[in-house]
Structures are given as C-alpha cells and as structure tokens.
Amino acid sequence: MKLKVLNCILETGVVAVIRADTAEAARRICDACCEGGIRAIEITFTIAAAAKLIEEQRALHASKGIVIGAGTVLDPETARIAVLAGAQFIVSPALNVETARLCNRYQIPYMPGAGTAREVIEAMECGADILKVFPGETLGPPFVQALKAALPQAPLMPTGGVTLENAGSWIRAGSVAVGVGGHLTKAANIAETAKSFLEEVRKART
C-alpha cells in the first residue's frame, strides 16, 4: 500500500495542494484537478471539515488510481484523524517526530517540510519518505541542486511558489515531484492548467 502511494506520486510528479474557503469549493477544485490528470491530491487541514472531505474524495476516486492525502498536519492527533478518514499520505509544514512515528507505525507515507540541510537529515533519520522543500518560493531550485550535491539520496519535493514557468527547473534541479497550490487551484481553467503542469514535469524529466 505504502509503495503504491509513493509510486503514484513519483510517477505523476505533481501533487495538487487544495486550500479553499469552503468544502464545496474544495470539491470543485479536486474534481478539476483529477479531470486534468493529477493523481495525487493533498487536502489541507486549513479547510473546514477536512477529514470528511478526505473520506468523501477517497471513496469517490479510489477506483481511479488517485491517491488522497492530508496536508497542514501539525501533530499526531490530527494525523490519526486523517488516517482514520482514509488519508493515504500525510504532509506537514515541518517535522513532527511523533507524527513521523505514527505514520511509520501505520505505513503511511510522511512528507514533512524542511528548509535546511539539517532539517532534511533529521527528517530522513525519522523515516520521512519525501522531504517537502518549504517554503519553495524563498528557497528556489538552486537550493535543491546544492542540497542534492551533498545529499543525493534525499527525495525532495518543493511546495510554495511552484509555477508553470519554474516547475521544470525544480525537476531538473533534482526534485522527485512538485507540490502545486494556488498557481494550479486558482487558475481560470484548473483542468487545463493541471495538464500543463504534468507536461512541464514530463518534459523536464526527459
């Protein structure tokens, strides 16, 4: 199960980060992202009734090869709620050791934020599966390139500030995937923008 979820994220290379003012708006964004070919959806706990939304989306898309995760998970209590709701991966803005332990216990991929070499190493030592380079708009692709030179084994995924213009640069710098928020979810045509992000990642990889 864990390997299947990670493979889905790594093969597609794009995680859609869903933030919205209402659950209904979040549902519409999820539907559009999936229509555009995104196969990894991160529903953040900044959304009211996020756990219910995760449960709904998991049931709706389970047969389509789409994985549903929980984002902005700050503690193991929230992580447990997300896992019980059906979340298939957990994303945090920073490492929380108890959350890492819980995810390892239940074999749920854990993706904590990291913004320094020390934070990346500590997260890997705690068993993190993918390191969320955060905030991406501050660190930039050169951070990933420099870090990969010293830590080639680090699986890095930037979140924050990932755009159509720089998505390829993040991948070429050594990122295994990109997490995309507002530049995807606030687009005029989310489905078409999702397709464009997937194409940028594909081109950068080849």
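On the buried side of H1 you'll find Lys2, Val5, Leu6, Cys8, Ile9 and Thr12. Looking down the axis, these buried residues fall within an arc of 155 degrees, so they line one face of the helix; the arc is taken from the directions running from the helix axis to the C-beta atoms.

This is a predicted model, so to speak of local features takes a pLDDT of at least 70, side-chain atom pairs count only at pLDDT 80 or more, and totals for chains, interfaces and linings use all residues. Residues are numbered from 1 along each chain as its sequence is written, and side-chain values use heavy atoms, with hydrogens and water left out.

What sits over the buried residues of H1? The cover includes E1, strand E2 (40-44), E3, H5, E5 and H11. After H1 comes glycine 13, with a positive phi near 85 degrees.

## Helix H11

H11 covers residues 190-205. Its 16 residues should span 22 Å at 1.5 Å a residue, and the end C-alpha atoms are 23 Å apart, which agrees (the expected span is 1.5 Å times one less than the number of residues). Ile190, Ala191, Thr193, Ala194, Phe197, Leu198, Val201 and Ala204 are buried in H11. They take up an arc of only 165 degrees around the axis, which puts them on the same side of H11. Their packing partners are helix H1 (2-12), strand E1 (14-18), helix H2 (23-35), helix H9 (167-173), strand E8 (178-180) and helix H10 (182-185).

At the start of H11, a side-chain oxygen of asparagine 189 comes within 3.4 Å of the backbone nitrogen of alanine 191. Lysine 203, also in H11, is partly exposed, at 43% relative accessible area. Its C-alpha atom is 9.5 Å from that of isoleucine 171, 32 residues apart along the chain.

E5 pairs in the parallel sense with strand E4 (residues 90-92) over three bridges (pairing takes at least two DSSP bridges), and serine 92 has proline 112 as its bridge partner. E5 also pairs in the parallel sense with strand E6 (residues 131-133), over two bridges, with glycine 113 partnered by lysine 132.

Glutamine 57, in helix H3 (residues 50-61), is buried, with a relative accessible area of 2%. Beyond its neighbours within four places in sequence, glutamine 57 is in contact with Arg27, Cys30, Asp31, Ile43 and Ile68 (contact means heavy atoms within 4.5 Å).

Threonine 72 is in the loop between strand E3 (67-71) and helix H4 (76-85).

Terms used:
Helix = DSSP H or I, 4+ residues; strand = E, 2+ residues; numbered from the N terminus. Buried < 20%, exposed > 50% of the residue type's maximum accessible area, 1.4 Å probe, protein only. Polar contact = N/O pair within 3.5 Å; in protein donor to acceptor, adjacent residues only side chain to side chain.
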